[in-house]
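Open the model in your viewer and keep the selection panel at hand.

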Amino acid sequence: MTTIGVDIGTGSVRICLSKPDAFKTAFKPIKTNRDDIYSNYVTQSSREIYECILTLLQELVNEPVTSISFTATCSMVVMERVSIGSKMHLKPCAVNFKGDDNQQDIILWMDNRSIEQTSYLNENLNKKDLYKVGGKFIPEMGLPKLRWLQDNIKSKDIVCFELYDWFSYLFLVGGYNEEGLVPYVVDPIEPMQEYTTVSEAMDGSIKGWTIEFLKQIGIDSRISIGRSEFNLNTSGLLPVGVPLGYIHKNVYGMGEKIVVANGCIDCYAGWLSTIEPEFSVENHLSMIAGTSTCFILSTPSSKYSTIPGIWGPFSQLLSLPLDLFEFGQPATGKLFEQLFSNYELVISSLNAENVFAFLENETAALETTKGTSITKLIKSYFWYIDQYGNRSPYNDFAMSEMIIDGCNSSDNLASITNGITLMGLVIRYNLILEFLCFQTRQILEIIHSSNGPLVNSITVNGSQGNNKRFMRLLATITGKKVKILKLSTNVKYNVVKGSSIISSIGHKLLTGCKNYQNALNSCIQADADYDTIYPDHHIADIGPLLDKKYNVFLDMAIAQQNYRRKINSM
């Protein structure tokens, strides 16, 4: 059995060819387009991503495969429904700022154009709907973006898809034709039922809400939600792995039938790659750390209710008595990208192949020169870095960054606000690590104080799991052991490995396994090997210092909220 997992990230497409005894991986970068003036408009091209996937398949696959699954960021594909002759088609709908580039048809998850629509939802929805998204919607979520389309694109019939679901749909119906059009399935083989009255989307996204609910928030019949399960008679969100049909011969094939298994948002695939057969769902926390960081916390079904600032509980992902909570930080890897961009002149002069490795060496050299830890050296520097707003625990995209430059009270260290220097880069790099760990601790403390599950460990995957200094600091600041799944390749491929697990579930379900739990167990790696990092309790003087800096971190968050309230009350 050889299966394919495809993961569409913010900056690249990754593919995993998985066999029972081995797997191969490959990736290609994709473009993210941010408007030069209106930077909250962030878009991508589904056609470009489609071509990228086909290229990767041609490069990596040279043997028969049984199934494929797609996972992706929580982004939204926007298509226009058009009639050509007697047939209905979908064509890309421009969602860039000027609305003049039909290739830019994806509103990326980090796009924050829907600020007004977010306020509308928070003011008009009942508390029950809001509790499931941590108390209020944020512009990152799909539902505010859907309302933005309602308000701003009035002359077109629109069909919106979850990004992962769009590629399942594409591969089922035959992909794009030469004119860039996609067949629109008007009459499914077995008509899909409307979602039940209790149906809801996960994570504030678009797929799963009832038509009645969409009407309630002002979405009219011009806008509909696309669904890849048009071959099935279903009245709710399908669990991952459920077979949707076979890849259309016009898209890809080596002569055999390849089943398309129902996918999901990428963070949940990352979570799947960290669980074990017959896994205990109690207190299992996964940290999927890439461009952003998503935490997935699994608990027994119906044991815990909503938690302030946390999304969930959701029960739709797997056909098991299981609830999932999600929370996270909207820009973590992105903070490093922005830092390196700001210090481009310094970095370009270093001739360093790996900037992270270079900064680790520079940090170690500074500690040796000064004869003390970096934590002590930068104790007077404070940087609260919600540059892209706050997802958890505040669900507040008005949150921003605050900085206290500690150069005047440090031991001959550089300023981080005046000038661009190598030492300033090293200091800021380490302050980002502190901030991310402080924010993780804050969220865990909120879960515990709300009578939520007691978390004892954090299982990490995603590209940030390669940063050993970060992982050690995370264990020390949170007081939790940190587990990093060992793979034969870089941990940045953990998420796409989860996608291949979903693909394998689809094959098992299609070939005779009737029990979902058994199918899942047979597709998960048994006796997975982990690197485990324990909290460092032997450095007695650093623990109290980090506790004090953590309290300053909390003060800075509260202070900026108070400042905004004072100004906005005028």
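Contact here means heavy atoms within 4.5 Å. Helices (H or I, at least four residues) and strands (E, at least two) are DSSP runs, numbered from the N terminus. This is a predicted model, in which local features need pLDDT of at least 70 and side-chain atom pairs count only at pLDDT 80 or more, while totals for chains, interfaces and linings use all residues. Residues are numbered from 1 along each chain as its sequence is written, and side-chain values use heavy atoms, with hydrogens and water left out.

**Confidence**

Colour by pLDDT, the predictor's confidence in each residue, from 0 to 100. The chain has a mean of 90, and 94% of its residues reach 70 or more.

Select the seven strands of the open, mixed sheet, ordered β17-β18-β16-β15-β21-β22-β23; strands pair if DSSP finds at least two bridges between them. At the edges are β17 (311-314) and β23 (530-533), each pairing on one side only. Neighbouring strands are turned by 25° against each other on average, direction ignored. Axes are lines fitted to C-alpha atoms, for helices over the stretch in contact, with angles from 0 to 180 degrees between N-to-C directions.

Now zoom in on β15 (residues 284-289) and β21 (residues 457-461), which run parallel and are joined by three bridges. Isoleucine 288 is opposite asparagine 461 of β21.

**Helix α13 and its partner**

Next show α12 (residues 422-449): its axis and that of α13 come within 9 Å and cross at roughly 40°. That makes α12 oblique to α13 (under 35 degrees counts as roughly parallel, over 145 as roughly antiparallel, 65 to 115 as roughly perpendicular, the rest as oblique).

Display the side chains of this contact, including Leu433, Phe438 and Arg441 in α12 and Phe470, Leu473 and Ile477 in α13. Its residues divide into nine nonpolar, three polar and three charged (Ala, Val, Leu, Ile, Met, Phe, Trp, Tyr, Cys and Pro count as nonpolar, Asp, Glu, Lys and Arg as charged, and the others, Gly among them, as polar).

**Helices α2 and α4**

Last, select α2 (residues 115-124) and α4 (residues 142-152), whose axes come within 8 Å and cross at roughly 115°. The two are therefore roughly perpendicular. Among the contact residues are Tyr120 and Leu121 of α2 and Arg147 and Trp148 of α4.
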